[in-house]
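Trainee: Could you go through this one with me, please?
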Amino acid sequence: MQKIGVFVCHCGTNIAATVDVLRVVEAAAKEPGVVHAQDYPYMCSEAGQALIASAIRDKGLTGIVVCSCSPRMHEATFRKCAERAGLNPYMVEIANIREHCSWIHKDMEEATQKAIILARAAIAKVHLNTPLAAGHSQVTKRALVIGGGIAGIQTALDIAEAGYPVDIVEKNPSIGGRMAQLDKTFPTLDCSACILTPKMVEAAAHPNIRIFTYSEVERVTGFVGDFTVDIRKHARSVDMDKCTGCGLCQEKCPSRKTPDEFNRALGTRSAIYTPFAQAIPNVPVIDREHCIKFKTGKCGLCQTVCAAGAIDYTQSDEIVSEKYGAIVVATGFDTIKLDRFGEYAYDQSKDVITSLELERIMNAAGPTGGHLERLSDGRMPREMVFIQCVGSRCSDGRGKSYCSKICCMYTAKHAMLIRDKYPDVNVTVFYIDVRTPGKNFDEFYRRAVEQYGVNYIKGQVGKVAPLPDGRLRVSGSDLIDGKAVEITADMVVLATAIEPDPSARRLASMLTASIDTNDFLTEAHPKLRPVESPTAGVYLSGVSQGPKDIPETVSQAGACAAKVIGLLAKDRLTTNPCTAHSDQLLCNGCSACANVCPYGAISYEQREVNDHGVRGERRIAVVNNALCQGCGACTVTCPSGAMDLQGFSNRQLIAEVDAICR
Amino acid sequence: MQELIERAKALLADGTVSRVLGWRATDTPFGPEPAFFESGEELNEFVYNCFCGANLSKYLIESSALEGKTLAFLKPCDTYSFNQLCKEHRIDRGKTYIIGVGCKGKITVERLHELGIKGILDVEDAGDTLTVKTLYGEKSCPYSDAMLERCHACKGKEHRVADEVIGESADTTDTDRFAKVTELEQMTSKERYAFFQAELSKCIRCNACRNVCPVCNCRKCVFDGNAFDSVQKANATEFEEKMFHIIRAFHVAGRCTDCGECSRVCPQGIPLHLLNRKLIKDMDAFYGEYQAGEDTSTVSPLTAYTEHDIEPEAGKGGNE
């Protein structure tokens, strides 16, 4: 029989205001096996933990139940406390009477009853707990960063600077990401390329960094400290060692009609190309879909002109398999498609553009050479309208419910830059709210309004209608004046919502990292563990976790790197002892468990089994405890109940359910 | 039938197989039972007729552990169970020799009773009709009227696996196999509960369904062990049969080939297959059509996670 201690936390008023803590103590004390029960205002505090420790020592407790907040919050705290007092840490159970009870109920009587029931369930479970011993696993001291934008570059640089090798995998032919497409950056208006490209160079030159461009993650196996990742290096058709980056091949390439992705398809590019002049590596790739040589077998001009002999049409995709201790997801974002927003006439007029397209138009290396002009006729616009929140904060289901966070600031930036460079262009911004809560952000926005005379109208645009003369009639409302507004504009710029890059979803399922309903990766704790995924060893950097601007991305990248460094600095990791094991007398050897195991932890062996005196060779499931993460999928799949999870055994769970139903 | 016996004798004689799994006559003409034969002499008792509904696949689990190969006679639908058991590594295919036998649907004496034919002395299969000799004279009925429920939802005349095939088979499907399930789905939950309570209350826990079910083959059934206190719990509820049958249905979900043996052997005539069919119908709807035992490699949708798996919300619904 266990000697169980029950400790009920008030959590200040978080619990005590809704749950009669003393009655929980009273009820718990009456449960079989309970020899000690008490309450305390803050059980997690030093004094609270001291109470637990002394009760364990004084009364010789063999198991404890702490009725407090979620185990995600303080299970580790109380386990450590028990361990210090000489009790096996796995003899600790948490009854979550805060998140599961006091926070979600109003009626004190009902909440108290529920808290008692939850305590009773945990007591029933701890009766069946057994001491468990954690094992250890090795750490591969190398990190993988998926995505080579500013988030990925910064994370990789910080990890590399700490002395650990890092690989960056980037699906495009060059690193740089979205930031490389931007013209100027808020709130300082320094040129994006001027601050990004040195970092790209630094990453490429860093002895601890390897960059795989034009590559994608194909498969991930393993677990924290010991991931094995297959990286598909797409065939570049250009030998990276031989190419000198002279660019002659791109000049001579006769296939020039491919929409240029880097310029948001506002221009065209050759079939052999580098996305932009400062690309890293400065080695082009052949887009086989559009290359005449690959399409028809005739051409080969690039090979003829390449003095270095770098063009290789026979290259094929290569799979590189590498081990990593930690994986960082920095897959970034794209703007949403606008096909559900017909009212803005994006598909009907070339002069309705997204803000990212405007970035390219404003950029000196962009399709118009940095000259502000209408894409339809090349004329300078006189009247420009910016529409904010296109698809952001959208409640009708066509767009995104969240705020894309960066649009207010870049729209102020665009408006200001245009007014500065072309003072005779009128600029109007339609907005729902202007959100500028960053350092020097509001000052920046006010400059746009006060100093540059940008006309901000609070209200939404209902329709953009192309007129016969090629101009655009923008019909909106001014909520402050309470009247309809109509503007005849030459250009309309849509602050289009951003969404996670489409690769994030597939990647998340490969990494078994959770994503939210918007496909942003979920953090382990929104406040306390913002750069870690709930999946151990997986870290989040940049917009893949949620919308953010460059300063915030860079800070988060650094935070993420710090977490990775913290992991890689460890020589070994403590493994979770709550792993599955198979009862050889019950196992049918049917493979159902191996089919559902997401970690590949189950294998089979032929083994001679002595089943109550009857010997025979049987096919038996064997769990590799180093690979098992204790998810329990096998235990519910096993038809005979041979698979069971230590610390969460079927008996323990059923005992809890029984206690609840009693 | 004689051809089967001759072939079995030959395979025994030349040492290809060490034993034969088939059906043996019993003292009633409508009750042949599964049996192993180890010599040509024993094979003289072998019988194969319209009453040989028993699915022999499950017996091959035990014989897989024996020396030498076992020759088994499997009807087309039995081969699905055989494949399923091979997939679950319960049968060693290398230890078997499968002869696919022809089948035009099997009949059951219970159906004859239900048709009002009592005092049966003998049944003669006259092709499309049955001639039944009874204490009260000779009666007859269409062959299909006496067929097992499962034969009305026949899986087809193809043997999914066989080393050789002897005899012709026919597809005897003449109903929608999910018709009754659809009917149950359209009931309110109270009506449905009442239906299953009425049916399952007849259960005497004889375990015939469990013992005959090819995929109910755990070395030790959870209802026989004390690992989960399931037995005690089942006994403690006012409706223990419900618990047993529902747990059983879930344990065979994704593995059940819909062979219908559970309903065939139930001495209380409970339509147990309906529980399994509901699960099969739902799986088909959620994951696309899947037939357990069609081959030995396809992973059941319930034990295969894919990126395109249906979201859990889709499972909600149904009548209150």
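Mentor: Let's begin with a strand pair in chain A, where β25(A) and strand β26 (residues 483-489) run antiparallel and are joined over seven bridges; strands here are DSSP runs of E with at least two residues, numbered from the N terminus, and two of them pair if DSSP finds at least two bridges between them. This is a predicted model, in which local features need pLDDT of at least 70 and side-chain atom pairs count only at pLDDT 80 or more, while totals for chains, interfaces and linings use all residues. Residues are numbered from 1 along each chain, chains are lettered from A in the order in which they are written, and side-chain values use heavy atoms, without hydrogens and water.

Trainee: What is the bridge partner of A:Ser475 in β26(A)?
Mentor: A:Ser475 is bridged to A:Glu486 there, and in the hairpin of these two strands, with four residues between them, A:Gly482 takes a positive phi near 65 degrees.

Trainee: Why do they alternate?
Mentor: Because in a regular strand the side chains alternate between the two faces of the sheet.

Trainee: Switching topic, how many residues of chain B are in contact with chain A?
Mentor: Chain B has 22 residues in contact with 24 of chain A, where contact means heavy atoms within 4.5 Å.
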